[in-house]
Amino acid sequence: MTPSTPIPPADLALMQRLAQQVTALRPDLVNGDASYGELAWNQASPNPGGTSHRHRIWTSGGEPVAWGWARLPRRVRLSDGSVRDVTGASLAHQVHPDHPALVDEVIAWFDETAAGLERSVVAGAADVSALERWAAHGYGTDPDALGDTGSWTQLNERDLTGGVERPRLPDGHRFLTADEAGPEAAVRAHVDAWAPSAYTLEAYERVRSTAAYRGDLHVLVEAPDGTMAASTIMWLDEANATAEFEPVGTHPAHRRRGLARAMLLHGMHLARAAGAEHMTVACLGADGHSSARELYYGVGFRAFSRDAPLTKPATA
């Protein structure tokens, strides 16, 4: 049986097609929730297909020109047995740069869908026109997200057509693909790196069922004791000859050993062999979250664009 997904496969394909079109025209307008790879990875979201998700796609001449994906209040069960109650609503979205007026329709749809709830949305900081439209509808900058330990993200990029350093793993470690390691190992690697996590085998099956997923571009590092010490998935956008790391994680007991650096370099060689000429990876951009940013800078990435987190109170 094909696993259920939060977004039906045909709709996901339309949303990813729009991501590819925006990437080709204005890559600086691709916000952190709307990249080609992030859309596929988000199929791991808890409570798939239930009442906690709503989505809508706008088309013109059969082509996608905008979409919105609203996540509503829900209870999320984590790997340590705890639960987290999400009380507000959040929106992932994208609008084609040739159809800027649709931003107002996306906002109206979200406000109706999440009426009475605190609302949050991530927009691209470079999309000045869209930011003005969000402000006109009562959305303001989220001060908590912009603090020293805030949750805003920046997109980093690097070219792959030049030289990419060869990876070096510590003795006894080796690279595996998810095809080689198997589903349970792939899930355990992620849960260990991001504990407590809501990621499960069922969530991985949803991710793996997407057309964009390739098990040969899902890389793990196995430690001498058999622990899957680090992992990442690469998402290849063949239309734009670019690939994206999402997510990237290392087991806490195996950090500061150069595993993530080696894995990223190895991944870039695999991506280039698969046809990518350009690579991206997102990270938290606030000053208090410097470790991942410095890791990416250390393998040749540089900041390219950033998100603008917005919020609207429940009473508005």
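Tutor: Let us begin with the second largest pocket, to whose lining helix 4 gives the most, namely four residues. The model is predicted, so local features need pLDDT of at least 70 and side-chain atom pairs count only at pLDDT 80 or more, while totals for chains, interfaces and linings use all residues. Residues are numbered from 1 along each chain as its sequence is written, and side-chain values use heavy atoms, with hydrogens and water left out.

Student: What makes a space a pocket and a residue part of its lining?

Tutor: On a 1 Å grid over the protein atoms alone, a pocket is an open set of points where a 1.4 Å probe fits, with protein on both sides within 12 Å along at least five of seven lines; lining residues have an atom within 4 Å of a point. The second largest pocket has a volume of about 180 Å³. Among its 16 lining residues, L29, V95, V103, D127 and A130 are the closest to the centre.

Student: Which classes of residue make up the lining of the second largest pocket?

Tutor: It has eight nonpolar, six polar and two charged residues. Here Ala, Val, Leu, Ile, Met, Phe, Trp, Tyr, Cys and Pro count as nonpolar, Asp, Glu, Lys and Arg as charged, and the others, Gly among them, as polar.

Student: Why is the contact between E222 and R174 called a salt bridge?

Tutor: The definition requires a side-chain nitrogen of Lys or Arg within 4 Å of a carboxyl oxygen of Asp or Glu. The closest N and O atoms of E222 and R174 are 2.5 Å apart, so the pair meets the definition. The partners lie 48 residues apart, E222 in strand 10 and R174 in strand 9.

Student: Are E222 and R174 buried or partly exposed?

Tutor: Buried means under 20% relative accessible area, exposed over 50%, and partly exposed in between (1.4 Å probe, protein chains only). E222 has 15% and is therefore buried, whereas R174 has 45% and is therefore partly exposed.

Notes. Grid points are joined across faces, edges and corners, and a volume is the space filled by probe spheres set on the points. Helices (H or I, at least four residues) and strands (E, at least two) are DSSP runs, numbered from the N terminus.
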